[in-house]
Every structure is written in structure tokens, then in C-alpha cells.
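Visitor: I am new to this structure and would like a close look at a single part of it. Could you take me through the core and what is built around it?

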Amino acid sequence: MTTLLLTHPVCIAHEPPLGHPERPDRLRAVNAVLNHEVFSALEREEAPPGRRDDVVRAHEDRYVEMIEKSSPEEGREPLDADTWMDPASLEAAYACVGAGTRGVDAVMGAEFDNVFCAVRPPGHHAERNRAMGFCLFNSAAIAALYARAHHGAERIAVVDFDVHHGNGTQDIFWSDRDLFYGSTHQMPLYPGTGAPSETGVGNICNAPLRPGDGGREFREALRGRILPALKDFHPDLVIVSAGFDAHRDDPLGGLELDEADFAWATLHLMEAADRHCGGRLVSLLEGGYDLKGLAGSVAVHVQALMRGTGEVTSPHIDDEVSDGE
Amino acid sequence: MGNETDDQAIAQLSFEAALAELESIVERLEQGKVDLEESIAIYERGEKLKKHCEQLLKSAEARIEKITLKGDGTPSGTEPLDVE
């Protein structure tokens with residue numbers, strides 16, 4: 001068993017206006033780094049198109065209709081000041097959905113240990129009825145609800161370490177005790193939500209960080225808040241909203257994380273998945289706007305998912321039991 | 001076998017706790033003071049503990065390379081990453 005990488009060329013074709021931070025070069029940089037030889041053991045698949053039926057579990061039908069109608073035949077259509085659609089955007093958003101649901105199939109069917117979806121546009125700001133923050137469809141929430149509908153997963157967790165709070169995922173999960181949303185994010189910062197007092201029906205765990213906080217505070221927030229809440233939740237599947245804009249070089253965030261922090265977080269989320277749900281974990285790319293910081297962070301995240309690149313050697317606890325028989 | 005509560009309890013154990021219990025099982029089996037039925041039961045538990053320990057070690061020991069990158073984000077080389 002191994003790690004599956006899902007992506008689709010149309011995710012590069014989606015192109016907000018020149019100068020927009022959420023740009024095609026982000027995914028080009030991610031693809032370039034994932035072609036490095038340390039990723040030779042990755043299995044790679046093109047993401048299938050997402051299905052409308054899966055989208056409407058997380059978004060209202062009239063919202064999906066609005067998005068579909070906003071898709072321009074040429075030029076660009078703004079949905080808000082930050083969020084744009086061009087002729088490729090709808091297909092790209094559906095590819096993100098398809099990546100998430102295919103990822104869920106892959107881990108729930110035990111074809112793969114875990115999955116990374118290298119996709120854009122991101123999704124975690126998309127609320128049930130509102131596109132915002134570069135996001136059209138909330139792929140992480142859609143994947144979670146798909147796991148419940150198609151694979152009988154009863155309890156699904158989304159953990160989000162993007163520098164921005166995933167208001168959309170929180171909105172969609174808000175009153176459902178069997179869906180958990182845990183987030184570390186900078187506060188104050190866009191979109192303004194994510195205070196610790198926002199707890200849903202006890203299923204939301206927000207651990208905001210202050211501008212300038214670094215790896216120590218980030219690891220404390222995960223170790224002290226998110227991971228214990230995740231443990232108490234006993235997930236059947238862990239979905240990660242993997243944004244890398246908490247990187248110290250990111251132009252949109254004010255946190256000071258580095259690659260080692262993202263590797264640490266990934267390994268600890270995997271450990272939680274190992275304990276509760278046989279390691280089943282699907283990670284979806286969210287933000288990350290410094291090309292070098294993004295590519296370097298994705299590289300360590302995916303290597304961690306692959307459980308490292310080298311030979312894993314463990315001290316010899318083997319055979320002790322059988323020797324004793 | 002297949003005791004779900006038992007399996008879940010093992011999954012919650014820290015590496016140190018699981019290893020300590022595993023060692024005590026090995027010791028008891030080596031001393032030969034347990035009867036056959038019990039020895040089978042604790043052997044099975046030992047196998048599960050061993051698997052749990054191995055899984056934790058596997059995560060802890062992942063060797064990760066930091067890929068050095070050029071300004072545009074394309075890779076240029078690698079160096080070991082110290083996660084801790």
C-alpha cells in the first residue's frame with residue numbers, strides 16, 4: 001500500500017486576473033517538486049470529474065446553479081472581490097471535487113494508505129451558500145459527506161492548518177455532531193471567523209494563533225487542542241485541508257512556520273489516523289502563495305504521507321513474542 | 001481475537017506503555033508459568049501490541065528530505081530535514 005497523488009491539468013487552466021495570488025504557477029511549482037525522484041514511489045492518477053450529486057450534499061442546489069450560471073464562455077466573472085471564474089474554473093472546481101471523492105474511495109476501499117490532492121482552486125472558504133476567498137466548492141466538506149453517503153463512514157474529521165480559518169467547512173459542519181472541524185489559523189486575519197468560542201454543537205475546535213507566532217505555538221495548538229479533540233472524536237476518516245500559507249515566506253499570512261513544522265503536523269495527523277481509522281487520510285491542497293514556500297512544504301507533507309523516502313528501519317522488537325512461545 | 005474494545009484500547013496506548021506490556025508478556029511466556037489457554041490469549045495480545053509499536057515507530061522514523069528549491073519553486077537538490 002502506498003500514497004496516491006491526484007491532480008488534473010484543468011486545475012492549472014483556472015486563471016484569476018493577473019496579479020492574483022491564487023495563480024496557476026502555484027500548481028506548476030507543486031507539480032515540479034512532486035516530479036523529483038524522492039517521489040518515485042507515488043502512484044499518480046488524473047482526478048476524475050466531480051459529480052453534481054456529491055456537491056449538493058455540502059452546498060444548496062440553488063448555489064450550485066448560481067456557480068454554474070456564473071461560468072463565463074469567455075473573459076472573467078467576479079463572484080466577490082477575491083473570487084473569480086473564467087471559462088476553465090467550473091471544470092477545475094469539479095476536478096477538485098472529483099479528486100476528493102476519488103481520494104475517499106481510494107482509502108475507504110483500502111487501495112491506498114493515504115492520498116494527496118494537488119488541486120486548485122482551494123475550497124475551505126466556500127460556505128453552503130456563498131463563494132468567497134478564491135473558493136467555489138468546498139471539496140473537503142464534499143469529500144467528508146461523500147464518505148458518509150458512499151462508504152458508511154460515521155464520523156469524519158477535517159483538520160485544517162491553512163493560515164486562514166476555513167469558515168466554509170465550519171459553516172457546513174456547524175450542527176452535525178458526526179462531523180468534526182479542527183483548525184489552526186492566524187487571528188485576526190481573513191475571513192474573521194475561527195474564535196475558540198465558535199464550537200458548533202461541540203464538533204468544532206478552533207485554535208487561533210497570533211500574528212508572528214511560529215512553530216512552537218503551532219505545535220502547542222495542535223498538540224494541546226486539535227489532536228486531543230480529534231482523539232475524543234474517534235474519526236473513521238481524517239481529511240486534511242492542507243494550506244501552506246502559514247509558511248514564514250507567505251505574502252498573505254503572518255505566521256512563521258517552516259517545512260519542519262508542516263512535516264511534524266503531517267506525521268502527527270497520520271499517527272492520529274493510524275490510531276483511529278487504520279491510517280485513512282485524504283489531504284487536499286488549500287492555500288500557499290509563496291511558490292518556494294508552497295513547493296517546499298508540499299514536498300515534506302507528501303514525503304511524510306509516504307512515511308519518508310528512505311528505508312524505514314526499526315529497532316528489533318520483532319520476534320520477541322514468537323521467541324517466547 | 002477480534003475483540004474490538006481490546007483493539008481500540010491498544011490503539012490508544014503510547015509507544016512506551018505498549019512496549020512495557022509487550023515485555024511483560026514476553027517475560028511471562030518465557031517463564032512458562034501460564035497455562036496453554038491463557039498463553040494463547042496473551043500471545044495474541046502480544047502480536048497486536050507488537051503491530052501497534054511498529055506502526056508508531058514507522059511514523060516517528062519517516063526520513064524526510066528537504067528539497068532545496070530555486071526562486072521559482074523548481075527543485076535543485078535535497079538535504080535531510082530535522083522534523084523535531
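Guide: Happy to! Please keep in mind that this is a predicted model. The largest nonpolar core has 112 residues, and those touching the most other members are Val30(A), Cys117(A), Val119(A), Ala144(A), Val238(A) and Ile239(A). The element giving the most to this core is helix 5 of chain A, residues 89-108, with 12 residues. As background, nonpolar side chains tend to be buried together in soluble globular proteins.

Let us pick out Ile239(A). Leaving aside residues up to four places away in sequence, Ile239(A) touches Ala140(A), Ala143(A), Ala144(A), Ile156(A), Ala157(A), Val158(A) and Val282(A). There is also a second, separate core of 10 residues, with Leu19(B), Leu22(B), Ile25(B) and Val26(B) among them.

Next comes the sheet of chain A. It is an open sheet of 8 strands in the order 2-1-5-10-9-6-7-8, paired in parallel. Strand 2 (43-46) and strand 8 of chain A are at the edges with a single partner strand each, so one side of each has no neighbour in the sheet. From one strand to the next, the twist averages 15°.

At the strand 2 end, strand 1 (residues 3-7) of chain A pairs with strand 2 of chain A in the parallel sense, over 4 bridges. Here Leu6(A) has Glu45(A) of strand 2 as its bridge partner.

Helix 2 of chain A (residues 24-34) touches strand 1, strand 5 (114-118) and strand 10 (281-285) of chain A, and its direction makes about 135° with that of strand 5. Helix 9 of chain A touches strand 6, strand 9 (237-242) and strand 10 of chain A, and the angle between its direction and that of strand 9 is about 165°.

Finally, follow helix 8 of chain A, which covers residues 215-233. From first C-alpha to last, this helix of 19 residues reaches 25 Å, close to the 27 Å expected at 1.5 Å a residue. A kink of about 35° is centred on Leu222(A). Leu222(A) is also one of the buried residues of helix 8, along with Phe218(A), Ala221(A), Ile226(A), Ala229(A), Leu230(A) and Phe233(A). The cover over these buried residues includes strand 6 (156-160), strand 7 (179-186), strand 8 (204-209) and helix 9 (259-277) of chain A. Just past the end of helix 8, His234(A) takes a positive phi of about 55°.

Note on methods:
Residues numbered from 1 in each chain as written. Chains lettered and ligands numbered in written order. Predicted model: local features only at pLDDT ≥ 70, side-chain atom pairs only at ≥ 80, totals over all residues. Core = buried A, V, L, I, M, F, W, Y, C linked by C-beta atoms within 7 Å. Buried ≥ 20, exposed ≤ 12 C-beta atoms within 10 Å, placed from the backbone. Helix = DSSP H or I, 4+ residues; strand = E, 2+ residues; numbered from the N terminus. Contact = placed C-beta atoms within 7 Å. Expected span 1.5 Å × (residues − 1). Bend = angle between axes of the 7 residues up to and from the residue. Pairing = 2+ DSSP bridges. Axes fitted to C-alpha atoms, helices over the stretch in contact; angles between N-to-C directions.
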